Amino acid sequence: SGIPAVKVSFDRPHSDPWNFAFDPWQAPFVRWLARNGFVADFCTSVDLHANASVLSGYRLFLTAGHDEYWSRDMRTRLDTFVAGGGNAAIFSGNTCWWQVRFEANNRTLVCYKSRTADPDTRAAYKTTNWIDLVPPNPENSTIGLGWNLGASWTNPLPRPNTPFVVQRAEHWAFEGTGLGNGTGFGGAYVGSEVDALDFRRGADGRAYPTWLDGTPNTLTVLALADASTWDAQAKALGQSGEKSGYGAISIHS
């Protein structure tokens with residue numbers, strides 16, 4: 001019919017191998033964990049939503065790949081975990097971009113993608129981008145970065161080689177890498193969606209958060225990828241438009 005669905009059942013039949021198979025971004029990460037001796041347990045979004053103690057006893061919450069749809073309870077669980085001394089590592093882009101609800105014993109995901117179209121009368125639970133809620137509740141406050149100022153390249157390759165540029169080579173995250181300030185790395189792997197933040201350039205040329213977008217005031221920008229011309233580059237190739245912006249690697253405590 002061409003009309004987007006606002007509810008999707010986990011019990012629906014389908015034959016799309018892309019959606020039926022294990023997420024192709026997550027599977028390589030799981031194999032990397034195993035090869036390097038990291039012990040991990042696994043949970044689904046529904047587990048994080050429904051089980052208030054799912055993170056109890058753990059030191060680290062980690063998500064990888066493409067973790068776009070989060071319920072308010074999912075965010076609350078993670079916020080509570082981190083506030084209690086837990087750690088979180090977000091190895092994904094476009095993370096926590098939409099607020100969703102679960103229905104039918106958590107077997108149906110609901111997302112109207114519109115604050116006005118959603119019939120739920122609770123303003124805080126409208127299924128739209130977190131930044132569009134009244135009042136706004138940007139995902140930055142939970143995960144550090146957000147997709148509002150990020151970038152996307154979803155057209156067929158070639159995707160532009162857009163390296164992350166080191167902003168703070170002195171940080172322990174770069175120890176032993178040989179990377180210096182201004183050095184680029186990982187350009188072939190930036191995309192298809194990357195998260196960012198509102199930033200300014202200091203007198204030293206490095207990126208600093210403005211703190212105007214919900215980004216935690218403890219966040220440090222480690223590296224920044226400039227994808228501000230992606231839309232123009234895509235159209236120059238005769239492809240459809242893209243979302244221009246930035247990609248950031250950051251850490252906060």
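**Ground rules**

I number residues from 1 along each chain as its sequence is written. The model is predicted, so I need pLDDT of at least 70 for local features and 80 or more for side-chain atom pairs, while totals for chains, interfaces and linings use all residues, and side-chain values use heavy atoms, with hydrogens and water left out.

**Entry: salt bridges**

I searched for salt bridges (a side-chain nitrogen of Lys or Arg within 4 Å of a carboxyl oxygen of Asp or Glu). The structure has eight.

I looked up Glu 103 and Lys 7. Their side chains form a salt bridge, N to O 3.1 Å. Glu 103 sits in strand S5 (residues 98-103) and Lys 7 in strand S1 (residues 7-9), 96 residues apart, so I log a link between distant parts of the chain. I took strands (E, at least two residues) and helices (H or I, at least four) as DSSP runs, numbered from the N terminus.

For exposure I used relative accessible area: buried is under 20%, exposed is over 50%, partly exposed is in between (1.4 Å probe, protein chains only). Glu 103 is partly exposed at 30%. Lys 7 is partly exposed at 40%.

Next came Asp 118 and Arg 101, a salt bridge at 2.8 Å, N to O. Asp 118 is in the loop between S6 and H5 and Arg 101 is in strand S5, so the pair ties together parts 17 residues apart in sequence. Asp 118 is buried at 2%. Arg 101 is buried at 12%. I also found a network of salt bridges that links Arg 101, Asp 118, Asp 120 and Arg 122.

Then I checked Lys 235 and Asp 231. Their closest N and O atoms are 3.0 Å apart, in a salt bridge. Both residues lie in helix H6 (residues 230-236), four residues apart, about one turn of the helix. Asp 231 is partly exposed, at 21%.

**Entry: Lys 126**

What is the nearest side chain of opposite charge to Lys 126? I find Asp 118, 5.1 Å away. I counted Lys and Arg as positive, Asp and Glu as negative, and left out His and the chain ends. Lys 126 is buried yet has no salt bridge.

I located Lys 126 in the loop between strand S6 (108-110) and helix H5 (140-143). I then listed its contacts (heavy atoms within 4.5 Å). Leaving aside neighbours within four places in sequence, Lys 126 touches Gln 99, Arg 115, Asp 118, Pro 119, Asp 120 and Leu 133.

**Entry: cysteines**

I searched the whole structure for disulfides (a pair of cysteine sulfur atoms within 2.5 Å). I found zero. Cys 96 is buried at 0%. Cys 111 is buried at 8%.

**Entry: cavity**

I looked for cavities, meaning sets of points on a 1 Å grid over the protein atoms alone where a 1.4 Å probe fits but cannot get out. The search finds one of 30 Å³ or more. The largest cavity holds about 60 Å³ of space. I took volume as the space filled by probe spheres set on the points, with grid points joined across faces, edges and corners.

Lining residues have an atom within 4 Å of a point. Among them are Trp 97, Ile 131, Glu 139, Trp 147, Leu 197 and Asp 213. Strand S7 (residues 146-152) gives the most to this lining, with four residues.

Methods. 1 Å grid on protein atoms, 1.4 Å probe; cavity = no way out; pocket = protein on both sides within 12 Å on 5 of 7 lines; lining within 4 Å.
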